[in-house]
Amino acid sequence: MQVIEKVQALRQYLSECRQDSIALVPTMGCLHAGHVSLIRKAKRLADVVVVSLYVNPMQFGEGEDFEQYPRTFEEDVTICEAEGVDVLFHPANLYADDGVNIGLHVHEMDAVLCGASRVGHFDGVVTVVNMLFNIVQPNLAIFGEKDWQQLTILRRMVADLHMPITVVGSALIREDDGLAMSSRNRYLTDLEREKALFLSQILQKMQALAAQGESKQYILAMGLAYLQAADIELDYLEIRHEHSLRLSKDMPALGDRIFVAATIGKTRLIDNMPLLKILENVA
Ligand code: AMP
């Protein structure tokens, strides 16, 4: 495996591989089994796998955890090597020395869910992913369903901007007890870790209510009451359409997805699940 830090060196390396298909897996490092599942999917789908590791300052808001974000470079190298990654791209900085002059902006789709509370976050995401796409020029790029809104926005980005790149989604990987894997889980104390488990549990309870034929209004009310009783600092708990991210009312339907975000201690966690579990693979 090559570890490459400079854009020019990466371009040089990839110029020899253009006959092959190239998959890009963008990450911020501190790799866990969720990232590994993306890498394995990339290996199944393409000849050459590039993993990028870059903690992107533009997607962190003021007061967020950019400085504290866990950086575990040596372990990440070991994991990528063991998974047969071809190139680990680890740039020191992707932005111009005088900051961000030119960037992309997300309309409408970032006014909801995480975009509403993390203003500018998705502008940072699309800008850096666009840079990575320009540098690597992959045939496909893999993103996790853990960050559902991000995946949806990136799908729109390649469609709206006519990029010749296929965005591939990859299933959300959980700990054995159901907690969605996240690099930020390592911030949690034992007590906070127990509390964090409520998030996936509430989504499962809401799925069960949907399976019993309850209305979305009732399901949401029950979910909110449960989280309130657990004393969780909720950002949002919403049921939205999984492609448009729009709210819809009445009875659960195919395409409805439950989204939750909460701060446990100082750690912001997110999770999502389809509302109708049994119909998950029907589409
Ligand atoms: P991050 O390093 O957190 O920016 O994540 C890099 C990529 O890994 C993104 O596409 C995430 O959606 C994906 N990812 C992170 N956690 C998980 C998980 N638990 N399951 C599946 N994909 C994940």
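Contact here means heavy atoms within 4.5 Å. The model is predicted, so local features need pLDDT of at least 70, side-chain atom pairs count only at pLDDT 80 or more, and totals for chains, interfaces and linings use all residues. Residues are numbered from 1 along each chain as its sequence is written, and side-chain values use heavy atoms, with hydrogens and water left out.

View 1. Domain 1 spans 2-170 and domain 2 spans 183-273; the bounds come from an automatic or database domain assignment. Their C-alpha centres lie 26 Å apart. In contact are 23 residues of domain 1 and 17 residues of domain 2. About 1,800 Å² is buried between the domains, 57% of it from carbon and sulfur atoms. Buried area is the accessible area (1.4 Å probe) that two parts lose on being put together, summed over both.

**View 2. A salt bridge joins Asp-65 and Arg-184.** The closest N and O atoms of the pair are 2.8 Å apart. The rule finds two salt bridges across the domain interface. It requires a side-chain nitrogen of Lys or Arg within 4 Å of a carboxyl oxygen of Asp or Glu.

**View 3. Residues around the ligand.** There are 17 residues around the ligand, each with a heavy atom within 4 Å of it. His-35, Gly-144, Asp-147, Ile-173 and Met-181 come nearest. A polar side-chain atom of His-35 lies 2.9 Å from a ligand oxygen atom.

Conventions:
A polar contact is a pair of N or O atoms within 3.5 Å; within protein, one must be able to donate a hydrogen and the other to accept it, and residues adjacent in sequence count only if both atoms are side-chain atoms.
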